[in-house]
Amino acid sequence: MADYRNPAHAEAVVTLLDAYACDPAGGGTPLAPEVRAALPGALAARPQAFSVLAYDGGQPVGLVNCIEGFSTFACKPLVNVHDVVVLASHRGRRVAQRMLGRVEAEARSRGACKLTLEVLSGNASALRAYEREGFAGFQLDPAFGSAMFLQKKL
């Protein structure tokens with residue numbers, strides 16, 4: 001688990017998230033300087049946030065940011081996998097799968113009833129990786145269709 005107050009971990013979180021933000025799958029725009037500066041402290045201030053880092057030797061190559069939420073239907077916590085980052089140089093090596101295994105273990109230790117995540121429909125390789133790890137589309141009643149992820153920026 002990342003320790004947001006550890007300078008090396010904080011830098012790894014910011015650097016990896018920025019790499020993801022610059023990738024077309026992450027929007028293609030780098031993080032704003034104020035976000036880079038404030039992110040580790042903001043995450044450290046939220047006990048419901050946790051991150052998993054992956055290293056190749058001493059080089060950070062992967063990151064999963066998670067935020068604990070709450071399922072009212074189950075009356076238990078849930079964990080949303082908010083960001084999954086693997087540097088291009090390390091894709092195809094099951095880095096994401098190993099990090100998701102750590103996320104699942106942490107979620108279970110928190111008593112979570114499920115993991116959730118969002119993935120862009122055009123990101124076929126990520127979708128396949130998540131499906132291999134047991135993630136599937138969400139629906140309650142097929143007559144109402146599958147869940148959709150929506151946003152409203154403020």
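The side chain of Ser51 makes a polar contact with the side chain of Tyr4, at 2.6 Å. A polar contact is a pair of N or O atoms within 3.5 Å; within protein, one must be able to donate a hydrogen and the other to accept it, and residues adjacent in sequence count only if both atoms are side-chain atoms. This is a predicted model: local features need pLDDT of at least 70, side-chain atom pairs count only at pLDDT 80 or more, and totals for chains, interfaces and linings use all residues. Residues are numbered from 1 along each chain as its sequence is written, and side-chain values use heavy atoms, with hydrogens and water left out.

**Around Ser51**
- Ser51 is found in strand β1. Helices (H or I, at least four residues) and strands (E, at least two) are DSSP runs, numbered from the N terminus.
- Ser51 is buried, with a relative accessible area of 1%. Buried means under 20% relative accessible area, exposed over 50%, partly exposed in between (1.4 Å probe, protein chains only).
- Leaving out residues up to four places away in sequence, Ser51 touches Met1, Ala2, Tyr4, Leu63, Val64 and Asn65. Contact means heavy atoms within 4.5 Å.

**Helix α3**
- Helix α3 covers residues 95–109, which makes 15 residues. At 1.5 Å times one less than its number of residues, α3 should span 21 Å; its end C-alpha atoms are 22 Å apart, which agrees.
- Buried residues in α3 are Val95, Ala96, Gln97, Met99, Leu100, Val103 and Ala107.
- An α-helix has 3.6 residues a turn, so residues three or four places apart point the same way.
- The cover over the buried residues of α3 includes β1 (49–56), β2 (59–71), β3 (76–86), β4 (115–117) and α4 (124–132).
- Just after α3, Gly111 takes a positive phi of about 75 degrees.

**The aromatic pair**
- The structure holds one aromatic pair. The ring centres of Tyr130 and Phe135 are 6.1 Å apart and their planes are at 70 degrees, so the pair is edge-to-face.
- Rings of Phe, Tyr and Trp (its six-membered ring) pair if their centres lie within 6.5 Å; planes under 30 degrees apart count as stacked, over 60 as edge-to-face and the rest as tilted.
- Tyr130 is buried at 9% relative accessible area. Phe135 also counts as buried, at 17%.

**The whole chain**
- The chain has four helices and four strands. From the N terminus on, they run α-α-β-β-β-α-β-α.
- Of its 154 residues, 33% count as buried.
- The C-alpha atoms fill a box of roughly 50 × 35 × 30 Å, taken along the principal axes.
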